[in-house]
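This briefing sets out selected features of the structure shown below. The points are grouped by topic for reference alongside the sequence.

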Amino acid sequence: MATIHPTADVSPEAEIGAGTRVWSNVQIRERAHIGINCIIARNVYIECDVTVGDNVKIQNNASLYIGLTVEDGVFIGPHVIFTNDRVPRAINPDGTLKSAADWHVGQTRVCYGAALGAGTVVVTGVTIGRWALVGSGAVVTHDVPEHAIVVGNPARIIGYVSAGGVRCASQDEARALSAHEGATTSSAG
């Protein structure tokens, strides 16, 4: 059974897995799917149709918008923002207010075991690879390879890291060390 704080606003159409803890002032919208044993911290917003895997930690004030899939074991730091529109506009060229029919939802995926530091912004349409590490304040505009460490605006690769957090000289070294550390090879689909 999930634990949901009385101030959380969770749609009855959302699915929350057993053992998941939803803290104060969280909003989880219709058709969102949250896996088992997750931690959804204070003031998190999870929009319609977002999928969050098992054993995910989402820290305070993170914003997860439609078009996002988060696989198992991901860490999302405080104030992380996932966008879902590459050309955001309030109105159409004729001045009419845009509706859901007037835009295309981008698709973003955060793969197994990845971690996003505080204040990260993820532009829609990217994939963040398995065990990747995104530094605090980074703006992710392109795909991030598995085990890569990225920082900056726009985010760029500065190295590689094993599943256990050991800095490595190459992606191959990070993969090999991760296997030695006993990292799992499964992922959400």
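## Structural briefing

Across the whole structure, a search finds 5 salt bridges, a salt bridge being a side-chain nitrogen of Lys or Arg within 4 Å of a carboxyl oxygen of Asp or Glu. The model is predicted: local features need pLDDT of at least 70, side-chain atom pairs count only at pLDDT 80 or more, and totals for chains, interfaces and linings use all residues. Residues are numbered from 1 along each chain as its sequence is written, and side-chain values use heavy atoms, with hydrogens and water left out.

- Side chains of opposite charge can pair when their charged atoms come close.
- R175 forms a salt bridge with E146, with 2.6 Å between the closest N and O atoms. Because R175 belongs to helix α1 (residues 171-180) and E146 to the loop between β20 (139-140) and β21, this pair ties together parts that are 29 residues apart in sequence. Helices (H or I, at least four residues) and strands (E, at least two) are DSSP runs, numbered from the N terminus.
- A salt bridge also links the side chains of R175 and D172, at 3.3 Å from N to O. These two residues are 3 apart in helix α1, which means a separation of about one helical turn.
- Through shared partners, salt bridges join E146, D172 and R175 into one network.
- Buried means under 20% relative accessible area, exposed over 50%, and partly exposed in between (1.4 Å probe, protein chains only).
- E30 and R29 form another salt bridge, their closest N and O atoms being 3.1 Å apart. E30 is partly exposed, at 22% relative accessible area, and R29 is partly exposed at 23%.

**Strand pairing and hairpins**

- Strand β21 (residues 148-151) and strand β22 (residues 156-161) run antiparallel and are joined by 4 bridges; two strands pair if DSSP finds at least two bridges between them.
- I149 has G159 in β22 as its bridge partner.
- The hairpin of β21 and β22 has 4 residues between the strands, and G152 in this hairpin takes a positive phi near 95 degrees.
- β22 is also joined by 2 bridges to strand β23 (residues 167-168), and these strands run antiparallel. The bridge partner of V161 in β23 is R167.
- In the hairpin of β22 and β23, with 5 residues between the strands, G165 takes a positive phi near 95 degrees.

**Nonpolar core**

- In soluble globular proteins, nonpolar side chains tend to be buried together.
- The largest nonpolar core has 39 residues, and those with the most contacts inside it are I46, I58, L64 and I128. Such a core is a set of buried Ala, Val, Leu, Ile, Met, Phe, Trp, Tyr and Cys residues joined through side-chain atoms within 4.5 Å.
- β12 (68-70) and β21 each supply at least two residues of this core.
- Leaving aside neighbours within four places in sequence, L64 is in contact (heavy atoms within 4.5 Å) with residues including V44, Y45, I46, I58, V70 and F82.

**Aromatic pairs**

- The whole structure contains 2 aromatic pairs. Rings of Phe, Tyr and Trp (its six-membered ring) pair if their centres lie within 6.5 Å; planes under 30 degrees apart count as stacked, over 60 as edge-to-face and the rest as tilted.
- Y45 and Y65 form a tilted pair, at 5.5 Å centre to centre and with 50 degrees between the planes.
- This pair links distant parts of the chain, 20 residues apart: Y45 is in strand β8 (residues 45-46) and Y65 is in the loop between β11 (63-64) and β12.
- Y45 is buried at 18% relative accessibility, whereas Y65 is partly exposed at 28%.
- The rings of Y112 and W131 form an edge-to-face pair, because their centres are 5.6 Å apart and their planes are at 80 degrees. Y112 lies in the loop between β15 (108-110) and β16 (115-116) and W131 in the loop between β18 and β19, so the pair ties together parts that are 19 residues apart in sequence.
- Y112 counts as buried, at 13% relative accessibility.

**The surroundings of G129**

- G129 lies in the loop between β18 (127-128) and β19 (133-134) and is buried, at 8% relative accessibility.
- Not counting residues up to four places away in sequence, G129 touches C111, A114, V144, P145 and E146.
- The C-alpha atoms of G129 and G113 are separated by 8.6 Å, the two residues being 16 apart along the chain.
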